[in-house]
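Please work through the exercises below with the sequence and the model at hand. Each task is followed by a solution in steps.

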Amino acid sequence: MDPQLAETNTWAQFWDAYDLFRDPMLCALIAGSVLGFLSVYVVLRRMVFVSAAVTQSAGLGVALAFYAEIHLGMHVAPTLGAVGLSLIATLLLMTEPTRLRISRESLLGLAYAFTGGASILVGDRISQEAHDIQGILFGTAVLVERPQLIAVGVVGALTLLFHLWWFRGLTFASFDRTGAMVQGLPVRALDAVLMISIGLMVGVSARALGALPVFAFSTLSAIAALVLDLRLPWTFLLATLAGAISGLGGYIFAYFYNFPVGGSQTVLASALVVLALLARGVRQLVMGGGSR
């Protein structure tokens, strides 16, 4: 990239065009925050590849929506396609794969590979929207349409409120299933609620921002928080903040340095993990020195 090109964007220009950037920044902030919160469940329950498969499914849903309108004359909202395929993938991944004599990892691998490959094949048949397919898969959310922001905002608010309301039950059922069953909690119902909420949030967010940054928000945010080895409520809070910083900060970084938005958000989420590792290392050095 030409260094002179990176200097063309200034804070004055940013604020002059703030009305243009407000919706995508707000969308990235909301999606990053809520997915960051949910990422703690994703990582601690070892569902990282579930998140990957669901985000890829959302991309396929959008591609199929474009295909239906171009070739079949059927108008299907891309957001509806993303959410629909995300929920279908979520429900399939909730099934017990041992009945098919395959492991859960094999099922996840199949879902991820199939949906990713199918997105590329469908995208090849809708050349008019090829750039949109690439944006959905890798994230180029320079602009976000108002309906996409509303969808992310509504789903995000409902998801966060519901999870905070049932926080104790959801965490108990997620991290101590045996104890939750002994206490009489509806573990299967709580699992279904968790998975469906993840599928919904991933679906609407992937349509607006792209699958790559959504995957980063829903995994790397928790990793950054968990590295610090804090109590669970603080871990959820820090993961939420990490997702918010990755979403909003990545957008601002992309604007000033003329990088793709999705890549910037993903790299910033990764940088927060590295920063957390450094912070833990410094803390261990200080504690080790003090113990002497």
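The model is predicted, so local features are given only at pLDDT of at least 70 and side-chain atom pairs only at pLDDT 80 or more, while totals for chains, interfaces and linings use all residues. Residues are numbered from 1 along each chain as its sequence is written, and side-chain values use heavy atoms, with hydrogens and water left out.

**Exercise 1. Describe the secondary structure, burial and surface of the protein chain.**

Step 1. Helices (H or I, at least four residues) and strands (E, at least two) are DSSP runs, numbered from the N terminus. The protein chain has 15 helices and zero strands.

Step 2. Buried means under 20% relative accessible area, exposed over 50%, and partly exposed in between (1.4 Å probe, protein chains only). Of the 292 residues in the protein chain, 46% are buried.

Step 3. Contact means heavy atoms within 4.5 Å. Among contacts between residues at least 6 apart in sequence, 78% join residues at least 24 apart.

**Exercise 2. Identify the nonpolar cores.**

Step 1. A nonpolar core is a set of buried Ala, Val, Leu, Ile, Met, Phe, Trp, Tyr and Cys residues joined through side-chain atoms within 4.5 Å.

Step 2. The largest nonpolar core holds 54 residues, and Leu-93, Met-201 and Leu-209 touch the most other members. A second, separate core has 10 residues, including Leu-220, Ala-242, Ala-269 and Ala-276.

**Exercise 3. Determine how helices H3 and H13 pack, and which residues make the contact.**

Step 1. Helix H3 (residues 18–44) and helix H13 (residues 220–227) pack at an angle of about 75°, with their axes 7 Å apart. Axes are lines fitted to C-alpha atoms, for helices over the stretch in contact, and angles run from 0 to 180 degrees between N-to-C directions.

Step 2. H3 and H13 are therefore roughly perpendicular to each other, a class that covers 65 to 115 degrees (under 35 is roughly parallel, over 145 roughly antiparallel, the rest oblique).

Step 3. H3 contributes Gly-36, Ser-39, Val-40, Val-43 and Leu-44 to the contact, and H13 contributes Ser-221, Ala-222, Ile-223 and Leu-226.

Step 4. The residues of this contact comprise six nonpolar, three polar and no charged. Here Ala, Val, Leu, Ile, Met, Phe, Trp, Tyr, Cys and Pro count as nonpolar, Asp, Glu, Lys and Arg as charged, and the others, Gly among them, as polar.

Step 5. Ser-39 lies in helix H3 and is buried because its relative accessible area is 0%. Beyond its neighbours within four places in sequence, Ser-39 is in contact with Phe-217, Ser-218, Thr-219, Ser-221, Ala-222 and Ala-239.
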